[in-house]
Amino acid sequence: MLADVTDRQWLWCAAGFYTAGLVLGTVSLLRRKRASGLLISCAILIGYLLQWVGLGIRGHATGGCPLGNRFEIVQFTAWSAITLYLVVGVTFRSSLLGYFTSCLGAALTLVSLSIPEWDAVLRTHIFGGNPWIELHAALAIFSYGVFGLLALTSALFLLRHFSLKSKHVGGWYSFLPSILDLDHIEVRLLGTGLALLTLALLFGSVYWSRDTATVGHAKLAATIAVWVAAVLAFSLRAMGRLLARRFAWTCLALFAAALLSLQAVDQSRHPGAVASERTAP
Amino acid sequence: MSEPCLFVLGATHHRAPLEVRERLALESESALRTDLAPVSGLLELAILNTCNRVEFYGVGADASAVEAVQAAYCARQKFDTAEFERIRIRLTGRDAALHLFEVASGLDSQLLGENEIFGQVKDAYAVAQTCGSTGAVLNRVFQKAFQAAKHVRTHTGIAAGTVSVANVAVDLAANIFGNLSQARVLVLGTGEIGGATARAFASRGAAHLSVTSRRGEKASEIASALGAAMVPFEERNGLLADYDVVVSSTSAPAPILTAASVAASMKRRPARPLLLIDQAMPRDIESAAADLQNVFLYNLDDLAKIAETNRSARLAEVARCRVMLAERADGLWVQLRRSFDAPAEARTQADGSNPAAGHATAP
């Protein structure tokens, strides 16, 4: 019976669990209670496993990492952010980070599932059988997922900063981590995202240098722009010239830029890719 | 034979002012236990003796045991019985159990929701156990009281936030630095409130504490009491960059820390936040310092407002706590009544000895 469940149905179930985490956290916050980290983490973990199954089925069907259309890219970005949260997020000891992660997971998965046009065309073998290109793409999108988690941490930082400057420290502000902890997490996440993106671009550049015509200018420009922005943000932070609120806003902008660059990435496809109309999205 | 009587007798801060409580404070619990040894009707006894209350939780063979405890206590304290009766608390049965539940939960405390009383109740129970003066009834009542207190503390906001200005300052530092084991604290001035804040930081494990004041002698006294370092008052501006938290409570007529000096120190540590706690009146720190990046400035009014908000939040939880505790007290009382109906020999002392007196050597 489970074999009859389609990839999109698995992904809807995953979105349901992410939304459950979001609802649990919201109810707790509205009741001015600390959100149950265990419950939210369980909801995220179950959603993550379901999403993994869904993306696995899709990957099997497309003959590689499922990054063939905007739907798949957004799903993979959400999955990457949640992978990182599950691996390192627990050490942040912030139930609110779990809550925000479930927000991000629910938002990205639900939006991508709700827009059929994003999944109208199913592309297979988009990497032309080249594992290095597949690794390049997977790493690049994974780094965007890291930037997603970075954006969440930055949002928490801005909330904490606002609470301390405006002198409203009670209520649900009391559930926020300390401002210094959030700052440290931001720096580590930006460093991790940048390292992954750099690796992705290195792998991609080897392939690109062999045949420059295979990569669209828009994709190249957008990806490099995101990388340069990340390098600049990281360097300025290391030099102590981009700090606190401005650094947090920059990290949020970086994730927005990464999401926007997906448009260009989606439009540039390997010539060997096979596209087909999906009849039953 | 009548059924055993669970009771609480005592005096608390609600009706006994400080000077009366001073006269009521028990110096020697063991001496009173010796006095109570001849009271054959007193089956169990635990004594809660804190700065805000002296309470006797007991089980008597009948209601006369309460009178016997009161008489022995007033005699030992040389306190007029009639005066004691005017201020005393005397509850029996389910109400006595409920009172203990509320005391252990911090609901009856002067500082609503405070945690210290829970430990004091535990200590009182431990002493009574050591003396051998607890039995089936008090054991169950105290155990249930601990469970009830933990429940309301976990499931309500009765213990949320801090309600003293000194602890609010420490909580603010925790909101900025997380674990205070890395935070360096500079205390400017030796006023009472500054000293209390310094002690609060020391008790929460601040990495390093320095004290400075124009009055070197007083600063030295506070520094040695807290294990803190002394720094020269004149060098405060230059040293500012070395600290994460500055608590200022001098009696200087004008600001002793200007926004410019804070800005200069932040240039040397731009990535690390600075928390300035200004507890002085008039203020010690220029308010423009609050506009600096990574600087968080709180004055006495800000701290008081936060403490008041927390206190109001706790007050709002009292009714919910009382309902929770009343349900538990009702449940306990039903259980106890059942056990009272059980064969009398299971609970009475056949030989007439008085276990409530315990061992005279007990503290």
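## Burial and overall form of chain B

Of the 363 residues in chain B, 45% are buried, a residue being called buried if 20 or more other C-beta atoms lie within 10 Å of its own, exposed if 12 or fewer, and partly exposed in between, with C-beta atoms placed from the backbone. This is a predicted model, in which local features need pLDDT of at least 70 and side-chain atom pairs count only at pLDDT 80 or more, while totals for chains, interfaces and linings use all residues. Residues are numbered from 1 along each chain as its sequence is written, and chains are lettered from A and ligands numbered from 1 in the order in which they are written.

The secondary structure of chain B comprises 13 helices and 10 strands, where helices (H or I, at least four residues) and strands (E, at least two) are DSSP runs numbered from the N terminus. Chain B has a radius of gyration of 26 Å, well over the 21 Å that the globule rule gives for 363 residues, so it is more spread out than a compact globule; the radius is taken over C-alpha atoms, and the rule is 2.2 Å times the number of residues to the power 0.38. Along the principal axes, the C-alpha atoms of chain B fill a box of roughly 80 × 40 × 35 Å.

## Domains of chain B

Chain B is divided into domain 1 (5-160 + 311-357) and domain 2 (165-307), with bounds that come from an automatic or database domain assignment. The centres of domain 1 of chain B and domain 2 of chain B, taken over C-alpha atoms, are separated by 42 Å.

B:Asp80 lies in the loop between α3 (64-77) and α4 (81-87) of chain B, and B:Asp80 is exposed, with 11 other C-beta atoms within 10 Å. Between B:Asp80 and B:Asp284 there are 204 residues in sequence and 51 Å in space, C-alpha to C-alpha.

## The parallel sheet of chain B

In chain B, 6 strands form an open sheet in the order β7-β6-β5-β8-β9-β10, with parallel pairing; two strands pair if DSSP finds at least two bridges between them. The edge strands, each of which pairs on one side only, are β7 (229-230) and β10 of chain B.

Strand β5 (residues 184-188) of chain B pairs with strand β8 (residues 245-248) of chain B in the parallel sense over 4 bridges, and B:Leu186 has B:Val246 in β8(B) as its bridge partner. Helix α9 (residues 192-203) of chain B packs on the sheet, touching β5, β6 (208-212), β8 and β9 (274-278) of chain B, and its direction makes about 165° with that of β6(B). Axes here are lines fitted to C-alpha atoms, for helices over the stretch in contact, and angles run from 0 to 180 degrees between N-to-C directions.

## Contacts between the chains

Chain B brings 19 residues into contact with 13 residues of chain A, contact meaning that the C-beta atoms of two residues, placed from the backbone, lie within 7 Å. On the side of chain B that touches chain A, α8 (165-177), β10 (295-299) and α13 (300-340) of chain B each supply at least two residues. By class, that side of chain B has 11 nonpolar, 7 polar and 1 charged residues, where Ala, Val, Leu, Ile, Met, Phe, Trp, Tyr, Cys and Pro count as nonpolar, Asp, Glu, Lys and Arg as charged, and the others, Gly among them, as polar.
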